[in-house]
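Okay, thanks for making time, everyone. Let me put the model up and then walk you through a few spots in it.

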Amino acid sequence: MDGVALFFTGALVAGGIYWFLCVLGPAERKGKRALDLSGGSISAEKVQDNYKQYWSFFRRPKEIETAEKVPDFVDTFYNLVTDIYEWGWGQSFHFSPSIRGKSHRDATRLHEEMAADLIGAKPGQKILDVGCGVGGPMRAIASHSRASVVGITINEYQVKRARDHNRKAGLDALCEVVCGNFLQMPFDDSTFDGAYSIEATCHAPKLEEVYAEIYRVLKPGSLYVSYEWVTTDKFDAGDDEHVEVIQGIERGDALPGLRAYSDIAETAKKVGFEVVKEKDLAAPPAEPWWTRLKMGRLAYWRNHVVVQVLSAVGVAPKGTVDVHEMLFKTADFLSRGGETEIFSPMHMILCRKPIS
């Protein structure tokens, strides 16, 4: 009897560990598992060195304000965080307003589908996703509109992940992913029938440069919508707490520098766009977008224990704990930015490339 009890106790413990590591952790069903956390394209033994390299950029801030330094800076960041983002957040690396009665997943999908509706995406069209990540928005928009979507990301590991997800979702005929720099896109002039970027162009050292590239590859008369990360009219550069929050967001999210909301439309017009509509989708009466961050604190601590254990036993690369801790601290800055209304991750601008 003792042997039977011991067997069942061991089975229960083993089942509990498996559930804790492989079932409870992922943000999405069949998503990234804790046991599969990696450093993206970075070899496991170099993750910690690359984490230190990432932070070294901030000791030389002028280097992350130039176009030639952006690829290394952003690519390093996404090698470090992509698996953790997928595991803890999901395949859509962005925020969305909370919607009463809707899950976070549904709110995210509706936020993405709105971008498709704003540009009028429809079957037969070719749409550009600027900064596609692992393709969460791309798949939602392709499914919703039945348009063909081409995504571009600087990170080779994200290209691989996006292609795998597209194939598993049965959308690889509609979704294509290209590895490249959105400041120098490998597309001919007037290629696309529409374009969108969801919280991605914030990584550009100069917004004018990426907007000019998007303008170039769009067909005349086509629409482009972007959800931009900005400081709002409530931000006070003379308030030390405000500055601390914004700098915390910048350092934890690979941003050369957050832009003021008032700069967005002006920049779009400067490269030739006509501004059709501009609105902060985070502003009241929209429900808070940051509630998911605050609700996820318990999940963070659970996941942090998992990361520490996996790192200690050599399953997760050395340095993963540092990256996970960095993202938690950044989540706190993002929450504070949202609560004080000095920061918005979804300042929407809808633009049109003139026909002539």
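One term before I start: when I say contact, I mean heavy atoms within 4.5 Å. With that, take Glu113: leaving aside neighbours within four places in sequence, Glu113 is in contact with Ala140 and His144. Glu113 belongs to helix α4, residues 104-118. Helices here are DSSP runs of H or I with at least four residues, strands are runs of E with at least two, and both are numbered from the N terminus. Is Glu113 buried or exposed? Buried, because its relative accessible area is 14%, and the cut-offs are under 20% for buried, over 50% for exposed and partly exposed in between, with a 1.4 Å probe and protein chains only.

Now the housekeeping. This is a predicted model, so local features need pLDDT of at least 70 and side-chain atom pairs count only at pLDDT 80 or more, while totals for chains, interfaces and linings use all residues. Residues are numbered from 1 along each chain as its sequence is written, and side-chain values use heavy atoms, with hydrogens and water left out.

How confident is the predictor? pLDDT is its confidence in each residue, from 0 to 100, and the chain averages 88, with 87% of the residues at 70 or above. Where pLDDT is low, the predicted coordinates should not be read in detail.

Zooming out, the chain has 12 helices and eight strands. Of its 356 residues, 53% are buried. And if you take contacts between residues at least 6 apart in sequence, 79% of them join residues at least 24 apart.

Next, helix α7, residues 207-217. Which of its residues are buried? Leu207, Val210, Tyr211, Glu213, Ile214 and Val217. Looking down the axis of α7, they fall within an arc of 155°, so they line one face of the helix; that arc is taken from the directions from the helix axis to the C-beta atoms.

Over to helix α12, residues 320-339, where Leu327 sits. This helix is mostly covered, with 14 of its 20 residues buried. Leu327 counts as buried because its relative accessibility is 14%. Leaving out neighbours within four places, Leu327 contacts Val81, Ile84, Tyr85 and Gly252. The C-alpha atoms of Leu327 and Ile249 are 9.8 Å apart, although 78 residues separate the two along the chain. Ile249 itself touches, among others, Trp229, Thr330, Phe333, Leu334 and Phe343, not counting residues up to four places away in sequence.

Last stop, strand β3, residues 175-179, and Val177 in it. Val177 counts as buried, since its relative accessibility is 3%. Outside four places in sequence, its contacts include Cys132, Met138, Thr153 and Asn166. Val177 and Val150 are 27 residues apart in sequence but 5.7 Å apart in space, C-alpha to C-alpha.

Note on methods: pLDDT is the predictor's confidence in each residue, from 0 to 100.
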